[in-house]
Amino acid sequence: MANIKDLDQLRIGIDECDTQLVALLARRNSITQKIGEIKQQTGAPLHAPEREASLLAARRQEAIKQGVNPELVEDILRRMMREAYQNQQAKLACSAPQLSPIVIVGGQGAMGQLFAQQFIRSGYEVRILDKDQQTNAQEILKGAKLVMISVPINALETIVRALPPLDNDCLLVDITSVKQAPLSVLKEVHSGPVVGLHPMFGPDISHWVKQTVVVCEGREHQVAQGLLSQLQVWGCQLVELDAKKHDEAMQIIQVMRHLTTFVYGQFLAKQGHTLEELRSCSSPIYQLELMMVGRLFAQSPELYSDIMLAQFDNVAPLLAQYQETFASTLKKLKAGDKVGLIDSFAEAKEYFSDSTAHFLTQSRSLLNKANDAKVLD
């Protein structure tokens with residue numbers, strides 16, 4: 001019959017396994033650092049999708065043969081990969097040396113600093129032009145081959161129009177979340193090459209691998225290829241879109257999403273329950289929802305106000321549709337119209353039909369992690 005001593009012995013065995021795991025992780029970490037050095041020397045991209053997919057598939061098969069949950073193995077591997085990508089950021093390959101020197105206008109802001117740091121890691125000469133350097137603007141911009149505008153949307157036109165003339169071969173870039181209006185201003189002010197980028201991430205990322213950057217053509221797009229190549233070396237996923245299409249997509253992806261989160265956060269703040277009370281009795285999925293709402297309010301109010309205001313006129317029809325949908329749903333609830341609610345559910349489900357299984361699997365993994373984090377708290 002088992003006793004407490006048997007339990008102690010088994011726990012010693014677990015401790016030994018864990019010690020071996022840590023040693024293996026240290027060995028793997030050392031190898032990935034060397035891989036990062038070779039990638040830096042050869043210019044190879046940090047992210048190799050085919051290699052990653054092949055590795056995960058092989059380890060999953062090995063897990064099944066060993067009687068280990070393949071989902072567990074994949075979770076561990078993906079976490080180790082993320083750590084490896086982060087460790088490989090110290091020194092990066094330079095794929096377009098012809099773009100140096102680079103000037104980042106607004107380089108003291110969070111996103112400006114993020115790009116500056118990444119360019120410097122890749123060996124580019126980076127100059128910063130912000131409020132503190134305005135008196136030296138002409139000198140800072142002298143000979144620049146790439147000028148990146150990293151300023152709030154509502155200030156972009158004024159700042160760009162105030163810039164001294166750029167060399168004709170200088171690539172002028174903006175990284176705002178709206179593309180049509182900024183690109184129009186950039187092309188009007190600068191006669192040389194222009195491109196619009198929209199990084200679909202914030203300044204708090206741990207690495208650039210798999211991060212999406214939307215690319216909108218401006219002028220002389222071939223000149224921008226060096227910059228796009230550099231983004232790919234960093235591991236970014238590039239999505240090329242027409243500026244108009246981009247702005248229409250962002251009306252839903254960003255503006256409507258931020259607006260909904262903004263309103264819901266205000267609603268929660270007016271209720272009679274503390275955040276601690278809500279968290280204490282919430283499911284993992286609601287924990288995630290609270291995290292995403294809280295994430296917005298942990299960031300710059302100016303940034304999100306600018307994003308919502310910049311496209312407010314354009315999203316007015318979407319807001320009207322949103323209000324109509326909310327009112328229609330409320331009407332069905334008040335009437336106890338279960339059939340109507342089911343019909344509405346079915347209509348929305350059809351839109352998601354091709355991705356529901358994938359979303360269910362992905363969300364389950366996220367929910368498990370959220371639950372783990374709740375236990376650790």
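The model is predicted, so to speak plainly about its limits: local features need pLDDT of at least 70, side-chain atom pairs count only at pLDDT 80 or more, and totals for chains, interfaces and linings use all residues. Residues are numbered from 1 along each chain as its sequence is written, and side-chain values use heavy atoms, with hydrogens and water left out.

**The chain as a whole**

- The chain holds 15 helices and seven strands; these are DSSP runs numbered from the N terminus, with helices (H or I) of at least four residues and strands (E) of at least two.
- Its C-alpha trace spans about 85 × 65 × 40 Å along the principal axes.
- Of the 377 residues, 35% count as buried, a word that stands for under 20% relative accessible area, while exposed is over 50% and partly exposed lies in between (1.4 Å probe, protein chains only).
- The accessible surface comes to about 23100 Å², and 57% of that belongs to carbon and sulfur atoms; such areas come from the Shrake-Rupley method with a 1.4 Å probe, and for residues only the protein chains shown count as cover.
- Among contacts (heavy atoms within 4.5 Å) between residues at least 6 apart in sequence, 68% join residues at least 24 apart.

**Aromatic rings**

- A search of the whole structure finds nine aromatic pairs.
- The rings of Phe119 and Tyr124 make an edge-to-face pair, because their centres are 5.5 Å apart and their planes stand at 85°.
- Rings of Phe, Tyr and Trp (its six-membered ring) pair if their centres lie within 6.5 Å; planes under 30 degrees apart count as stacked, over 60 as edge-to-face and the rest as tilted.
- Phe119 is buried, at 1% relative accessible area, and Tyr124 is buried too, at 5%.
- Phe201 and Trp208 are also edge-to-face, with 5.3 Å from centre to centre and 70° between the planes.
- Phe201 is buried at 12%, and Trp208 is buried at 2%.
- Both pairs belong to one aromatic cluster, formed by Phe115, Phe119, Tyr124, Phe201, Trp208 and Trp234.

**Two packed helices**

- Helix H13 (residues 312-335) and helix H14 (residues 338-352) pack at an angle of about 145°, their axes 8 Å apart.
- Axes are lines fitted to C-alpha atoms, for helices over the stretch in contact, and angles run from 0 to 180 degrees between N-to-C directions.
- H13 brings Thr329, Lys332 and Leu333 to the contact, and H14 brings Gly340, Leu341 and Ser344.
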